[in-house]
Amino acid sequence: MASSALTSKSFLGSSRIDGASLSFDLRKSSLSSVQISLRSRIPKKLQINAAGSTFGTNFRVTTFGESHGGGVGCIIDGCPPRIPLSEADMQFDLDRRRPGQSRITTPRKETDTCKISSGVSEGLTTGTPIHVFVPNTDQRGLDYSEMSVAYRPSHADATYDMKYGVRSVQGGGRSSARETIGRVAAGGVAKKILKLYAGTEILAYVSQAHKVVLPEGVVDHESLTLDQIESNIARCPDPEYAEKMIAAIDAVRVKGDSVGGVVTCIVRNAPRFQSLSLSTMDSHIYGVSKTTLVLFTLLCLSVSSISALPHQNKVGNSMSTGQMINYNSGLGSPVFDKLEAELAKAAMSLPATKGFEFGSGFAGTLLTGSEHNDEFYTDKHGRIRTRTNRSGGIQGGISNGEIINMRIAFKPTSTIGKKQHTVTRDKKETDLIARGRHDPCVVPRAVPMVEAMVALVLMDQLMAQYSQCYLLPINLELQEPLIAPRPEAANASV
C-alpha cells in the first residue's frame, strides 16, 4: 500500500485524485492553467513521450494525416545533406503503393502525387527536415456511417475507442493503410541513399496469397529483378504462380470477402562497409601506407573533400578513375538492438501484419545444429562468406554480407462486404455489412511498404554505424579495404 501511495504522489503530486475531482477542476479551470498545473507536478524524469508516430533514431521519420482528412505525408529528420533528391525519387514507389491500380486492389482512385515543401534546395538535401505531403482527393466519408456506430470485427475501431475515448471514423483514421504513404515516401529517400552508398538493392515480392504458396527455391534471390516482380498485378516473380494467386484473390473478391498472404523481402549488398570516393583520375603514386590512408579517410567525412586524392590499394597497385575504398563493418548491434529485431519491429508496425520469419525461421527448429549451421569459407576475393544462408544474412544481430531475407505474414482485410456479428459503441449486439472500398488482399500493395520499412531500418543502422564505429581507426587485421565501383557509376534511380 505504501508503494502504491508513493507512486500516486510521484506522478500526480497528490495521494488521491479521482475522476470526480478531476472533472471538477477541469470545469473550473482553463485548459492552459490545467496544463501548467500538471507540468509543474510531474517530475521531468518521469515524463514519457508516447506519440507512436515517429520511427528511427538517427534517420527519423514521422508520419501524419488520416485516410479521409485533407492529406497524409511525412517529415524526414536527420537526412544527410547534399543528396540529389526530387519528388520523382519517391513517386515511383508511391505509384506501386497507390490504390486503384488493378482489380485485385481497392477501387479507390488516388494519384498519390507527392510534394516536397522543405529540406531540399536546388535539387539537393540541405540536412534539415524534409516535409512531404500527399493530398487525399477521393474521400467518401458517408461509406462509414454504419461503422461510426458498430465496430468492424478484427479492426482497430474498438481498441482506438477503448484507448483514446475518441476516433476518426472515416476510413479508419490512423489505422488505415493510407498512413503508409509517409513511410513509402521516406523509404524512397532511404533506398536512394543506400543505393548511392553501397549499391544496396531491397526487393520484396508476394510469395503466398491465401493457399497458393510459391515453393521455396523457385525464385533465385541472386538474380531476382524488379521487372520480374512488377510483371503482373500479384507482384509474384513467377508467372505461373502469379496467375494462381490472382485467381485465388478474384474468387473471394466477387463474394465480398478477403484473404491474406505473405511478402518475402531480400536485401542484396547490405551496407557492411564504409565507402568514400578516393579518386577521380588515373594515378600511379606509391608509398602511402595503409595506416595513413585509413586515418586520412576517417578524418575526411565529406566525399567531395577527398574526391581528387591519389592513393594505392591494399596490394600496392594504383587505383584508377571510378574506384572506392570500403571497410567491412556489419550493421546492427548485439542484445537488444539486433538487426533482425529492428527489422521485425519495422515490418510488424505495418497494418495487418501477423507474423515475421527470418532466415530459416520456424523451419529451422526441425534441423540439427550440424544441418542448420552456415559453414564459412574464403572466396576468390579473400572475403569470408558462408556456403549456405540459413542465418538469413545476419548472425549475432549483425549483418554478415550475405543476402538478408525475411517473410512477413498479412492477415485477410478485416473490412469485408459480408454480414458479420459485432457490437455497437454502446455495447449492443448487432450485425454489420461494411461498405466502402477495400483491398480483397493487401499483399500486392504491401510489397513497396515492406521495402520501405526495411530501407528505413538499414538507413538508421548505417548512420548509427558511423556514429559508433568510425570515431577511431579501424582494425586492419579484421577490416580489410575492398574495391567497389564509384556510386556515380551505379544506377541510383529508385
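Arg183 lies in helix 6. The model considered here is predicted. Its chain comprises twelve helices and 21 strands, and buried residues account for 45% of the 494 residues. Of the contacts between residues at least 6 apart in sequence, 74% join residues at least 24 apart.

**Helix 6 with helix 12**

- Two packed helices are described by the angle between their axes and the distance between the axes.
- Helix 6 spans residues 180–198 and helix 12 spans residues 443–469; their axes come within 7 Å and cross at roughly 50°.
- Helix 6 is therefore oblique to helix 12, and the crossing of these two helices is left-handed.
- On the helix 6 side, the residues that meet helix 12 are Thr180, Arg183, Val184, Ala186, Gly187, Ala190, Lys191, Ile193, Leu194 and Tyr197.
- On the helix 12 side, the residues in this contact include Pro448, Met449, Glu451, Ala452, Met453, Leu456, Met459, Leu462 and Tyr466.

**Helix 4 with helix 6**

- Helix 4, residues 87–97, packs with helix 6 at an angle of about 135°, and the axes are 8 Å apart.
- Helix 4 is therefore oblique to helix 6, and their crossing is right-handed.
- Helix 4 contributes Asp89, Met90, Asp93, Leu94, Arg96 and Arg97, which meet Thr180, Ile181, Val184, Ala185, Gly188, Val189, Lys191 and Lys192 in helix 6.
- The contact of helix 4 with helix 6 divides into six nonpolar, two polar and six charged residues.

- The side chains of Arg183 and Glu179 are joined by a polar contact of 3.1 Å.
- Beyond its neighbours within four places in sequence, Arg183 is in contact with Thr63, Ala346, Ser349, Leu350, Ala452, Met453 and Leu456.

**Gln461 in helix 12**

- Gln461 is located in helix 12.
- With a relative accessible area of 11%, Gln461 is buried.
- Setting aside neighbours within four places in sequence, Gln461 is in contact with Leu331, Gly332, Ser333, Leu339 and Glu342.

Methods. Residues are numbered from 1 along each chain as its sequence is written. This is a predicted model: local features need pLDDT of at least 70, side-chain atom pairs count only at pLDDT 80 or more; totals for chains, interfaces and linings use all residues. Side-chain values use heavy atoms; hydrogens and water are left out. Axes are lines fitted to C-alpha atoms, for helices over the stretch in contact, and angles run from 0 to 180 degrees between N-to-C directions. Helices (H or I, at least four residues) and strands (E, at least two) are DSSP runs, numbered from the N terminus. Angles under 35 degrees count as roughly parallel, over 145 as roughly antiparallel, 65 to 115 as roughly perpendicular and the rest as oblique. A crossing is left-handed if the near helix is turned anticlockwise from the far one by less than a right angle, and right-handed if clockwise. Contact means heavy atoms within 4.5 Å. A polar contact is a pair of N or O atoms within 3.5 Å; within protein, one must be able to donate a hydrogen and the other to accept it, and residues adjacent in sequence count only if both atoms are side-chain atoms. Buried means under 20% relative accessible area, exposed over 50%, partly exposed in between (1.4 Å probe, protein chains only). Ala, Val, Leu, Ile, Met, Phe, Trp, Tyr, Cys and Pro count as nonpolar, Asp, Glu, Lys and Arg as charged, and the others, Gly among them, as polar.
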